[in-house]
Amino acid sequence: MSVKSLISQIQTYNPDAEVELLERCYRFSQKAHKGQRRKSGEPYFTHCLKTAEILAELRLDTHTICAGLMHDVLEDTGIKREEMKVRFGANIANLVEGVTKIGQYKLSIASQAPAAKNTVEQRVHRKRQAETYRKLLLATAEDMRVILIKLADRLHNMETLEFLSSEKCQRIAKETLEIYAPIAHRLGLWRIMGRLEDLAFKHLYPIEYRKIAELLNQKLTEREAYCEKMVKQIRGELEKRNVFADVHGRTKHIYSIHQKMQQKKTPFSEIQDLIGLRILVKTEADCYIALGALHSKWNYHPDRLRDWIGQPKKNGYQSLHTTILDNGRPIEIQVRTYQMHKIAEDGIAAHWSYKEGLPRSQQGRSIFASYKQILEDIQEAQDSPHHFVESMKLELFQDEVYVFSPKGDLFRLPAGATAIDFAYKIHTDVGHTCVGAEVNGAVAPIRRVLENGDQVNIRTRPNGRPSRSWLSYVKTATARTKINHWFREKDKTEALELGKKLLAAELRVSYLNSRDYLNSPKLLDIAKQLKLKNIEELFVRIGNADESATHVVNLLKPEVPKPETEPSEDTNRQQKLESPPAIQLENDIDLGMIRIMKCCNPIPGDQVIGYLTRGRGVSVHRAGCIRILDEPERLLGVKWHEKPPSENGDHPPLVYPVKILVECNDRPGMLGEITTAIAHYKVNIRSGTFQPSAVHIDSEASDNLTIDVIGARQLDEVLQAIRHLKGVQRVTRKS
Ligand code: MN
């Protein structure tokens with residue numbers, strides 16, 4: 001094809017085409033690719049020209065065709081975008097750059113790989129692919145024409161695929177079937193989609209392809225004769241009603257027959273509707289008259305009747321579909337106007353203004369808008385790359401179902417969508433609180449797959465909440481995104497609560513009052529120090545085990561002076577003087593027996609609190625013991641006797657067993673150092689176990705000891721001393 005014939009083809013639909021610009025682009029590209037050859041041996045430029053021709057078939061604007069002519073110039077020749085911009089303007093240069101960028105993504109989606117091979121590398125691989133896929137689609141959303149050029153480019157490459165190595169050939173065919181054909185479908189580029197699918201199918205499944213092609217051929221004569229007979233009869237019926245119409249037989253493309261055989265699990269011989277007819281009329285009213293004529297002459301399948309005129313598909317497709325029965329033989333018939341036909345064949349391209357290079361009609365703009373919406377929805381749902389690719393394919397490929405709310409409002413959902421998808425489509429909160437559904441007046445589970453025309457009523461309950469199991473059957477990216485978001489928020493709230501509790505507990509074992517610390521500016525300082533925005537974030541990190549509560553408490557702790565190397569004489573004397581301690585109520589009234597509780601094991605010096613039991617006197621707990629938080633009206637102030645009456649000066653000091661846990665590095669001599677530190681305070685070790693801890697990493701060990709102390713002060717000193725030993729991570733009082 002010469003530049004002249006390309007231009008005259010364009011002029012058939014666009015008399016104002018910029019001829020001079022087209023000629024310049026043609027020559028420029030031809031010169032740039034000079035000397036380069038395709039694998040087929042043809043000059044490289046043939047490919048560029050073929051791409052431009054496909055774009056002209058789609059009746060696109062001059063700039064798109066110019067960019068089509070030059071679409072490989074930036075990638076394959078030394079020419080830079082700047083030069084192109086200077087010569088042909090930013091518009092064309094941007095288009096070419098867009099196509100070049102897409103070409104750099106080598107996509108072969110591994111999502112179909114068996115789940116068993118779900119190795120780390122595979123997940124990483126998938127994630128990377130999903131990411132490039134997302135980029136590709138977002139790039140197309142900026143200027144739709146980029147993807148139209150890419151599709152034309154891909155179509156010609158598919159036509160010449162046999163010249164490539166078989167490995168490359170498989171990759172490109174797979175990518176075409178999984179990505180480019182669905183995009184063509186979504187944009188309503190029906191013819192291009194059919195050609196892409198058949199070419200890809202031929203390379204990926206050559207045996208199946210040949211089988212179907214041969215079977216189609218065998219029955220060709222019989223089919224053609226039958227078709228001719230039906231066409232005649234239908235024409236007759238339409239003439240009776242004064243409808244002027246073109247009636248044609250049409251063949252399905254091979255891949256769609258293959259899919260039908262797969263879906264319905266039927267052999268070729270049982271695929272009955274290989275014959276389809278198409279009736280083209282002038283007006284919308286004629287469409288319905290023609291349909292009436294068909295239905296009065298033949299029986300038809302009521303459940304296969306579709307009115308895509310009253311409710312156009314998302315990609316703009318309009319038609320009436322019916323399946324009539326001719327002596328029991330089903331025949332699919334499409335009825336549409338000439339204008340609808342053009343759109344049915346070329347989709348968004350049929351809505352294109354070849355003057356402005358923009359969607360011309362309201363409908364064209366809305367197709368574009370719906371495509372963009374899908375991309376945005378799916379972009380948000382990027383929780384898992386696997387799901388990303390899956391929902392992308394689904395949303396691009398799937399047909400839609402139309403369902404109604406109880407008020408009769410129409411909603412459009414991808415085929416296979418469930419009541420849950422519908423609930424989220426209505427409103428996020430309806431989705432979150434959904435507990436059941438009624439479909440056509442009957443109670444249905446929320447996972448019910450909706451069908452065309454269903455009337456769906458969603459039942460909600462104020463305390464209803466999403467379930468993770470929903471994720472396994474929602475079909476729309478929107479619902480998936482919203483459910484995931486809900487769980488992320490919930491997890492966050494739970495982590496926050498847990499983090500708060502953990503920190504409070506950790507403060508308690510360090511004898512710090514949680515009320516003084518949990519909201520303190522000091523804690524905020526620590527959060528900031530850890531590069532967090534606020535205290536809440538710190539709680540969330542602790543709750544998620546990203547930060548240890550002990551670490552935070554250590555940061556919070558006021559500096560404690562190191563114990564002196566020798567216990568002072570004072571302490572020694574005091575120990576000797578101390579005699580059996582006792583507890584008294586603050587206001588000295590007698591409320592019966594006073595018991596020191598085992599749960600928190602208070603020892604003299606601990607902050608204590610009394611709890612008035614029902615009939616069993618007063619029990620004494622350490623302040624902050626979780627057992628006493630519930631009934632504040634039963635709490636009583638108690639204190640240790642400050643100077644207990646000394647009955648016998650020689651009486652050995654009463655000691656209290658306290659369990660402590662030492663977590664430390666497992667190094668030689670560690671245990672010895674710990675016991676020495678304890679012995680230094682003349683404190684007895686009642687029992688102990690020392691073991692590498694299973695909970696911690698290998699290098700760590702834990703030491704469970706029970707030591708006898710005379711009071712909280714001594715205990716504190718011992719704990720501090722151990723804490724200061726090299727290799728000790730933390731020391732906690734367990735009771
Ligand atoms: Mn190319």
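How are helix 2 and helix 4 oriented to each other, roughly parallel or roughly antiparallel? The structure is a predicted model, in which local features need pLDDT of at least 70, side-chain atom pairs count only at pLDDT 80 or more, and totals for chains, interfaces and linings use all residues. Residues are numbered from 1 along each chain as its sequence is written, and side-chain values use heavy atoms, with hydrogens and water left out.

**Figure 1. Packing of helix 2 against helix 4.** Helix 2 (residues 19–32) and helix 4 (residues 62–69) pack at an angle of about 10°, their axes lying 9 Å apart. The two helices are therefore roughly parallel to each other (angles under 35 degrees count as roughly parallel, over 145 as roughly antiparallel, 65 to 115 as roughly perpendicular and the rest as oblique). Angles run from 0 to 180 degrees between N-to-C directions, and axes are lines fitted to C-alpha atoms, for helices over the stretch in contact. Helices (H or I, at least four residues) and strands (E, at least two) are DSSP runs, numbered from the N terminus. Leu21, Leu22, Cys25, Tyr26 and Ser29 of helix 2 make the contact with Thr62, His63, Ile65, Cys66 and Leu69 of helix 4 (contact means heavy atoms within 4.5 Å).

**Figure 2. The manganese site.** Protein donors of the manganese ion are His47 (NE2), His71 (NE2), Asp72 (OD) and Asp153 (OD), at 2.1 to 2.3 Å from the ion. Donors are N, O and S atoms within 2.8 Å of the metal (3.2 Å for Na, K and Ca); water is not among the atoms, so sites may look incomplete. Asp72 lies in the loop between helix 4 and helix 5 (73–76), and Asp153 in helix 9 (residues 144–159), so the pair ties together parts that are 81 residues apart in sequence. Both Asp72 and Asp153 are buried (under 20% relative accessible area, with exposed over 50% and partly exposed in between; 1.4 Å probe, protein chains only).

Figure 3. Three antiparallel strands form an open sheet in the order 12-11-13 (two strands pair if DSSP finds at least two bridges between them). Strand 12 (442–444) and strand 13 (456–460) stand at the edges, each with a single partner strand, so one side of each is left without a neighbour in the sheet. Helix 19 (residues 419–426) packs on the sheet and touches strand 11 and strand 13, its direction making about 80° with that of strand 13.

**Figure 4. Gln714 in helix 28.** Gln714 lies in helix 28 (residues 712–723). With 7% relative accessibility, Gln714 counts as buried.
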